[in-house]
Amino acid sequence: MKNIVKRSVFAVMAAVACVAVQAQETFPGRAISMVVPFPPGGVADVTGRPTAIALEKVFKQPVSISNRPGAGGAIGNAAVANAKPDGYTLLMALSSITVIPEADKLFNRKPAYTLDQLAPIALISADPVILVVHPSLPVKTLKEVIALSRKQPGELSYSTSGVYGALHMPMEMFLHAAQLKMRHVPTTGGGPALTQLLGGHVTMSAGGPAAITSHVKAGKLRPIVTWGAERHPNYKEVPTFKEQGYDIVYYIWAGLFAPVATPESVIKVLRDGVRQAVNDPEFKNQMAKVNSPINYLDAPDFAKYVDADAKRLAAVVKVVGKVGP
Amino acid sequence: MGETFNSLMMGFSVAFQPEVLMYAFFGCIIGTLVGMMPGLGPLAGISLLLPATFGLNPIIAIVLLAGVYYGAMYGGSTTSILMRIPGEAASVMTCVDGYAMTQQGRAGPALAIAAIGSFFAGTFGVIGLMLMAPTLASFALRFGPPEYTALLLMGLFVLAYMSGGSMLKTLAMAVLGLLLGMIGIDVMSGYTRFSFDIVELGDGVGIVPVAVGLFGISEILLTAGQVDPPKVQQPTLRQLIPTKADLKLSVGPIMRGSLLGFMIGIIPGSAHIISSFVSYGIERRLSKHPERFGNGAIEGVAGPESANNAAATGAFVPMLALGIPTGPVTAVMLAAIMVHGILPGPMLIQQQPDLFWGFVASMYVGNVVLLVLNLPMVGLFVNLLRIPYAYLYPCILAFCILGCYSVSNSTMDVWIMLVMGGVGYVLRKFGYDLAPVALGLVLGPMLELSLRQSLAMSGGDYAIFVQRPIAVTMLVMGLILLGLALKPLIFKSKDWRSSVGLDKTID
């Protein structure tokens, strides 16, 4: 029975591929829709919009943004994973795309989508997060943070954008690597997490450079260490975890995906298009304005990148396990 | 003071540039129209418009979006009053007495008072923002999870006073709202609750589809079920203008609502929704004739409408003074200036004085524009009621469905709205009051989250609520309110409800 289903799925896929091959000379022959699984104004949105504008110029076809927020990105991700694989529906996903199926597995939920339903096209941007503490906390270096936490086990606290969220994962990496225990105060987003830290209701948090920079300059937050593989260009004085002897790396990235059954020829057109788009001066200018470093990787490298990230984060999710009751 | 005045003049010189003025005007018009669409509120309005601002300069972008924001806050009251359809959660309370006034042929005064109250509250809010933003903002930051818990508990205790019917029925509806609020992913643990493998339910049940369904759709169904179709109204010009008595009754609620709304509005989070509920509860408590509430009391429109507009302005305090997004709306507005390379933060006022002061000045302008735009429009809006119900109601239903769908392109929201319409119809047939459902749904998840965040902060120690001065003050006030509400239940003495003949049995 299963075999028949499988075979018929393949048959359908083959048929779709045939249709697409016929259409390949003309791709893209009409407007492309880029799904952003978050509300307007978020990282995915401010990365997606300039990308869409640059792609329009390359393809000479409209590329429209469609915000499908909900369930931490799962709804938009699932919508593209199950979309018609013709290249006209694309996904601008964030790094959370690898964590959601892992969390679903952990809770024995029917997954909204799986990673192998999506074909990576290109990585657009990647930004490491930085550990910041409230200035009232008497620590200036990672060593002091760890020493203080050991002295008061389970007393220090940190806020995140939500359990298994983009700011929770790096904190758990750190706590696990340094064998520390802290109190976790999840909130409903990056903004509220930052507000809790600025108000001194928690002692530390992981934060994206764009979100924390003005507060660091005003002396309201103190940067300690970065999860980046190298020092951040705007934070030359802040060391990396690697320099401090902890082999942990974490980036929040944004990348373009298509449904996995999209024909190879169409994917190639898309890859070439994105390669030209990221070199568009106007695109570079817009990304610089939102403090989002361009970090372009083509499909094969991006696939490896996603794979490595998924493995790393799956391990973290397993270590964290189920929280609460 | 002199410095503030000079800065403000500089701000006005920015706001009165023809281009900026034009966009402020456009923003108000678009906002009012969006707000009038059932189901579409300020957040939907500015989210839809955000991409269009990326090509404008940052001052114009933020002025335009702010216009849309308070335009939509105001526009939401129009459909609440005329058709009992709340455009957003904050106008749920306006539905109750505003629509009752419409049924009595007094839609004109209700709309006029909403416009006047909004104008006063908006202006009051801008003055507060201008004079005290940095001070207030650092105070607002002291509101952590324990303070939030205390504030929300106080809001819940107000429930006991809110409803016109029996206490038991009110509490039953509040519990229904709380239960609806349980649906969705638990922020603390990641578990999904009551989602039945439907991904969309992972985010919980949104307040907008529930409110539109419970209030609007149920009203359409109830009207359809009447033997005689309701008489089409033909308001005369004299009926459009509030009477002296109306104005006199509204002064107090508008002032109290403005102050209360502004104070609640500056607190980071989504607490501003409760400002209109609390204002309604206070006005009813202070009124000499509480039995009029729910039956077309103009104070029940003036107070909550002022409160939600003042709260809307108050929300800009932490956004501008500290650069932190305090709620979804301010998050989108911050994004609008961030795409122009301006980093919001505590230095924003010093580094971008023309942005801050231009914005403040444009809010004065915007409030005047709204008043000038909307007072003469009252006559036009009221004339919508001349349309026979056989044509009007199918159109409203279509707009409700469109509005609900377009907020997040989700058919699930449309289903929730329709189901809630049916539920609302049945409950109203049995004489239940529906406002507590909306309040329960809004407060439940917020209260649960902040309570558990507080306990996460303290490592499970409840003492955190008595160690923090702001939290303990609010808790004591809340407990006093609760005591007052429970007194008639415990001592079988007479509640104000029975003394005015609203409730025969309290048990």
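Helix axes in this report are lines fitted to C-alpha atoms over the stretch in contact, and angles run from 0 to 180 degrees between N-to-C directions. Helices (H or I, at least four residues) and strands (E, at least two) are DSSP runs, numbered from the N terminus.

The model is predicted: local features need pLDDT of at least 70, side-chain atom pairs count only at pLDDT 80 or more, and totals for chains, interfaces and linings use all residues. Residues are numbered from 1 along each chain as its sequence is written, while chains are lettered from A and ligands numbered from 1 in the order in which they are written.

**Chain A: domains**

Chain A is divided into domain 1 (2-126 + 252-312) and domain 2 (130-226), with bounds that come from an automatic or database domain assignment. Taken over C-alpha atoms, the centres of domain 1 and domain 2 of chain A are separated by 31 Å. Their contact takes 10 residues from domain 1 of chain A and 8 residues from domain 2 of chain A; two residues are in contact if their C-beta atoms, placed from the backbone, lie within 7 Å. The side of domain 1 that touches domain 2 in chain A has 5 nonpolar, 5 polar and no charged residues. In these classes, Ala, Val, Leu, Ile, Met, Phe, Trp, Tyr, Cys and Pro count as nonpolar, Asp, Glu, Lys and Arg as charged, and the others, Gly among them, as polar.

**Chain A: the sheet**

An open sheet of 6 strands in chain A has the order S2-S1-S3-S10-S4-S11, with mixed pairing. Strands pair if DSSP finds at least two bridges between them. The edge strands, S2 (63-67) and S11 of chain A, each pair on one side only. From one strand to the next, the twist averages 25°.

| Strands of chain A | Sense | Bridges |
|---|---|---|
| S4 and S10 (residues 251-259) | antiparallel | 9 bridges |
| S4 and S11 (residues 294-298) | antiparallel | 3 bridges |
| S1 (residues 32-36) and S3 (residues 89-94) | parallel | 3 bridges |

Val35(A) has Leu91(A) in S3(A) as its bridge partner. Strand S4 (residues 118-128) of chain A is largely enclosed by the rest of the structure, because 11 of its 11 residues are buried. A residue is buried if 20 or more other C-beta atoms, placed from the backbone, lie within 10 Å of its own, exposed if 12 or fewer, and partly exposed in between. Helix H3 (residues 74-81) of chain A lies across S1, S3, S4 and S10 of chain A, running at about 145° to S3(A).

**Chain A: Asp309**

Asp309(A) is found in helix H11 (residues 299-320) of chain A. It counts as buried because it has 20 C-beta neighbours inside 10 Å. Leaving aside neighbours within four places in sequence, Asp309(A) is in contact with Ser95(A) and Thr98(A). Asp309(A) and Thr98(A) are 211 residues apart in sequence, yet 7.6 Å apart in space, C-alpha to C-alpha.

In chain B, the axes of helix H11 (residues 244-265) and helix H12 (residues 272-286) come within 9 Å and cross at roughly 150°. The contact of H11(B) with H12(B) has 6 nonpolar, 6 polar and 2 charged residues.

Between the chains, 42 residues of chain B are in contact with 47 residues of chain A. H15(B) gives the most to the side of chain B that touches chain A, with 4 residues. That side of chain B divides into 24 nonpolar, 14 polar and 4 charged residues.
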